[in-house]
Protein chains: 2
Amino acid sequence: MPPKPILVNGKPLAEGRLPAVCAPLVGRTRDALLAEARAVAAKQPDLLEWRVDFFQDLADTGAVLDVAGQLRRAAGGIPLLFTRRSQREGGEPIALAEPQVVDLYRAIGAGGHMDLVDFEMGNDPEHVQAVREASRRHGQGLVLSYHNFGETPGVDFLVQRFAQAEQLAADVAKVAVMPRHQRDLLVVLDATLRASEERAIPVVSMAMGGWGALTRLCGWAFGSALTFAVGGAASAPGQLPIEDMRAGLALLHQAVARAR
Amino acid sequence: MPPKPILVNGKPLAEGRLPAVCAPLVGRTRDALLAEARAVAAKQPDLLEWRVDFFQDLADTGAVLDVAGQLRRAAGGIPLLFTRRSQREGGEPIALAEPQVVDLYRAIGAGGHMDLVDFEMGNDPEHVQAVREASRRHGQGLVLSYHNFGETPGVDFLVQRFAQAEQLAADVAKVAVMPRHQRDLLVVLDATLRASEERAIPVVSMAMGGWGALTRLCGWAFGSALTFAVGGAASAPGQLPIEDMRAGLALLHQAVARAR
């Protein structure tokens with residue numbers, strides 16, 4: 001099974017090494033967000049995710065596009081992922097109705113400042129299709145995602161989520177779940193390994209919370225192409241500081257490589 | 001599931017923290033072995049394992065007992081595990097027939113310098129019983145072990161090995177296997193988790209080789225009470241240097257604890 005890295009404009013993140021490290025940006029105001037972006041970019045993650053559901057002026061499309069352009073400059077060449085995490089899947093409450101969110105993804109596509117966008121595969125199928133069309137038209141990669149903050153469903157259910165993302169024409173399939181027992185970590189890794197073998201697109205997975213940190217560090221060995229780590233502030237439970245993530249990954253990569 | 005640490009004279013290794021770290025000693029001569037023991041003890045593993053199948057004077061019981069006493073002094077208070085790994089399960093070729101090996105275990109029990117002994121559960125049942133009786137009579141803990149350097153059997157088979165060790169009155173059950181695919185890592189961790197829930201005695205497991213290094217670092221989260229790391233020289237493929245093991249465990253423990 002050759003590793004399948006995430007591509008941005010045809011170029012693999014992290015030079016094709018698994019996993020790429022993504023740091024979230026969760027500032028609520030434009031100034032906070034730009035300061036956060038500069039500080040986090042200095043830590044050299046492979047990808048920056050703008051969690052726009054934290055942004056207080058989300059309903060002002062002009063403001064969102066303006067900030068997107070400034071994030072591009074602040075990122076200093078690090079690719080950008082645009083994510084409105086829905087409240088149903090762990091995001092912040094926002095003032096927009098879903099059709100307006102789809103319009104925002106269309107505007108962000110046309111704006112040209114974001115390289116990838118993330119949208120939940122559980123949204124209205126017409127909205128998923130609209131976001132897919134807009135992102136494709138503007139050369140953006142699409143992450144279709146599934147989140148469960150309450151529990152970890154079974155292996156087959158998770159394998160189906162990865163498959164569903166591919167069926168919906170995603171460029172990347174992402175699954176994030178909450179473990180209730182150590183066994184759930186094995187469920188996530190097993191589903192990831194199966195999906196990485198069966199799917200043509202890169203897959204991304206993680207278990208959240210304390211035990212889940214082990215999957216954030218080891219998921220790459222089972223085919224997960226991306227892991228999230230904290231540059232400034234966490235966007236989900238269990239994320240490690242980016243410095244610890246880099247140190248842990250270096251140690252694990254070396255340990256695996258040494259004896260092979 | 002409360003963690004079940006390995007006990008030595010009623011006291012838990014590593015103050016009850018999982019995993020304890022064991023460093024092997026593989027010197028072939030008395031001088032090499034004692035120099036190795038002093039150097040490795042300085043790195044403060046929680047347990048030192050004398051792999052006596054590497055020792056060239058193994059057939060001289062007096063020499064073995066003499067070295068055991070000197071290892072006790074060189075260990076500076078670190079508990080000692082005495083292991084003749086059979087050639088069938090990955091050990092060195094030795095000059096003794098099996099009944100003589102059992103006699104050696106009896107002598108080592110009477111000598112009183114070793115805290116734990118390891119014997120393969122796949123040995124002649126009468127020999128296993130004799131080693132159990134000798135170790136019990138002299139207050140030594142008994143590790144009954146299963147090794148497979150060729151492959152990783154299925155989860156049920158491994159779960160049965162842990163159960164068999166308990167049925168044979170072991171104080172610790174140990175399983176070490178060779179993964180051929182990343183999925184085998186999940187097999188080992190799953191079997192370990194099940195056994196740690198079902199068995200009354202501490203369990204120890206590892207996958208060997210490159211990918212197996214991940215189980216050496218993460219197995220504690222699934223109930224494995226002991227991991228092997230290199231102080232001087234490795235005794236099996238995939239063992240990390242003890243410094244890397246300590247750093248990796250510290251990082252993993254902190255990552256899991258932070259978000260719980």
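A residue is termed buried when its relative accessible area is under 20%, exposed when over 50%, and partly exposed in between (1.4 Å probe, protein chains only). The model examined here is predicted, so local features need pLDDT of at least 70 and side-chain atom pairs count only at pLDDT 80 or more, while totals for chains, interfaces and linings use all residues. Residues are numbered from 1 along each chain as its sequence is written, chains are lettered from A in the order in which they are written, and side-chain values use heavy atoms, with hydrogens and water left out.

The contact between the two chains (heavy atoms within 4.5 Å) takes 35 residues from chain A and 35 residues from chain B. Chain A and chain B bury about 2,900 Å² between them, 71% of it on carbon and sulfur atoms; this area is the accessible area (1.4 Å probe) lost when the two parts are put together, summed over both. Six salt bridges are counted between chain A and chain B, each requiring a side-chain nitrogen of Lys or Arg within 4 Å of a carboxyl oxygen of Asp or Glu. A:Arg183 forms a salt bridge with B:Asp190, with the closest N and O atoms 3.7 Å apart. On the side of chain A that touches chain B, at least two residues each come from helix H6 (182–198), H7, strand E11 (240–241) and helix H8 (242–258). Helices (H or I, at least four residues) and strands (E, at least two) are DSSP runs, numbered from the N terminus.

Aromatic pairs were also counted. Rings of Phe, Tyr and Trp (its six-membered ring) pair if their centres lie within 6.5 Å; planes under 30 degrees apart count as stacked, over 60 as edge-to-face and the rest as tilted. Over all chains the count comes to twelve aromatic pairs. One of them is the tilted pair of A:Trp220 and B:Trp211, at 6.0 Å centre to centre and 40° between the planes. This pair joins two chains, because A:Trp220 lies in the loop between helix H7 (209–218) and strand E10 (226–230) of chain A and B:Trp211 in helix H7 (residues 209–218) of chain B. A:Trp220 and B:Trp211 are both buried.

B:Tyr146 and B:Phe157 form an edge-to-face pair, 5.5 Å centre to centre with 65° between the planes. B:Tyr146 is buried at 11% relative accessible area, whereas B:Phe157 is partly exposed at 35%. The charged end of B:Arg161 sits over the ring of B:Phe157, 4.5 Å from its centre; the criterion is CZ of Arg, or NZ of Lys, within 6 Å of the ring centre and within 35 degrees of the ring normal.
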